Structure formats: structure tokens, C-alpha cells
Amino acid sequence: MTSQSQGIQQLLQAEKRAKDKLEEAKKRKGKRLKQAKEEAIAEIDHYRLQREKEFRNKQANVMGSQGNLSAKIEEQTTETVRNLTSSYHKNMESMMKKLLSMICDINPEVHPNFRHIGGSV
């Protein structure tokens, strides 16, 4: 019986060692998964920062040229408005006189196509 209980004892110890090894392997696996996840996140963050930097550079190049174009258009628009306003003020009085003379100075005339009916022709 002693040898049987000694054999059972050895089996229980072997089972405990196997269980401990299994727990240790699970812990190592969990640590490795956590480490791999952290490495992946760090790599993704690095890639994202790199791509954002490239995007900002491209955006600055495009927007910089558009900014200059926008400033040029704004300047041209301001100049055109200034010219039109100046032309308006310069020509307003003479145009008002022309309009008033056309409206007020009426010279009644017989239209050249009018024929007087009833007399000798």
C-alpha cells in the first residue's frame, strides 16, 4: 500500500507541476500578447504621425499656393471695385444730365413715314 500511496503522491506532484507549468505558460502568453499589442499600437501611432506629417506638408504646399491665389483675387477684386466706383462718381452727373434732357426736352415732330391722306399727292 505504501508503494501505491507513494505512486499516487508522485502522480499528484506531477499533476501539480504540470498545472504550475500550464499557469506559467498562460501568464507568459498573456504577457507576450500584451507586449505585442503595445508594440502594434506604438507602430500604428508612429505610422499615423508619419502620414499626418506628410499630409500637413502636402496641405501646406497646396494651401500656400491657394492662399497666394486667394490674396491675388482679393486684390484684383478690390481694384476693380475701386475703378468702378471712381467711374461711377466721375460719369454720374453727365449721365443724369443726358437722361433729364432726353426726358424733359421734347421736340414734337411728324414722323417721316407719316402720310397725310386726303389731299393731292
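Visitor: In which element is Asp20 found?
Guide: This is a predicted model, in which local features need pLDDT of at least 70, side-chain atom pairs count only at pLDDT 80 or more, and totals for chains, interfaces and linings use all residues. Residues are numbered from 1 along each chain as its sequence is written, and side-chain values use heavy atoms, with hydrogens and water left out. Helices (H or I, at least four residues) and strands (E, at least two) are DSSP runs numbered from the N terminus. On that basis, Asp20 is found in helix H1.

Visitor: How many helices and strands are there in the chain?
Guide: Helix H1 covers residues 2–104. The count for the chain is 1 helix and 0 strands.

Visitor: What radius of gyration does the chain have?
Guide: The C-alpha atoms fill a box of roughly 165 × 40 × 20 Å along the principal axes. The radius of gyration is taken over C-alpha atoms, and the globule rule is 2.2 Å times the number of residues to the power 0.38. For a compact globule of 121 residues the radius would be near 14 Å, but the chain has 49 Å.

Visitor: What separation in space do Asp20 and Gln35 have, C-alpha to C-alpha?
Guide: Elsewhere in helix H1, where Glu38 has its place, the C-alpha atoms of Glu38 and Glu23 are 15 residues apart along the chain and separated by 22 Å. Asp20 and Gln35 are also 15 residues apart in sequence, and their C-alpha separation is 22 Å.

Visitor: What share of the residues in the chain is buried?
Guide: Buried means under 20% relative accessible area, exposed over 50%, and partly exposed in between (1.4 Å probe, protein chains only). Asp20, with 42%, is partly exposed, and Glu38, with 48%, counts as partly exposed. Of the 121 residues, the buried share is 0%.

Visitor: How many salt bridges does a search of the whole structure find?
Guide: Side chains of opposite charge can pair when their charged atoms come close. A salt bridge is a side-chain nitrogen of Lys or Arg within 4 Å of a carboxyl oxygen of Asp or Glu. Across the whole structure, the number found is 5.

Visitor: What is the N to O distance in the salt bridge of Glu79 and Arg82?
Guide: Glu79 and Arg82 are 3 residues apart in helix H1, so about one helical turn separates them. Glu79 is partly exposed at 36%, and Arg82 counts as partly exposed at 48%. The N to O distance between their side chains is 2.5 Å.

Visitor: Are Lys97 and Glu93 buried or exposed?
Guide: Lys97 and Glu93 are 4 residues apart in helix H1, about one turn. They form a salt bridge with their closest N and O atoms 3.7 Å apart. Both residues are exposed.
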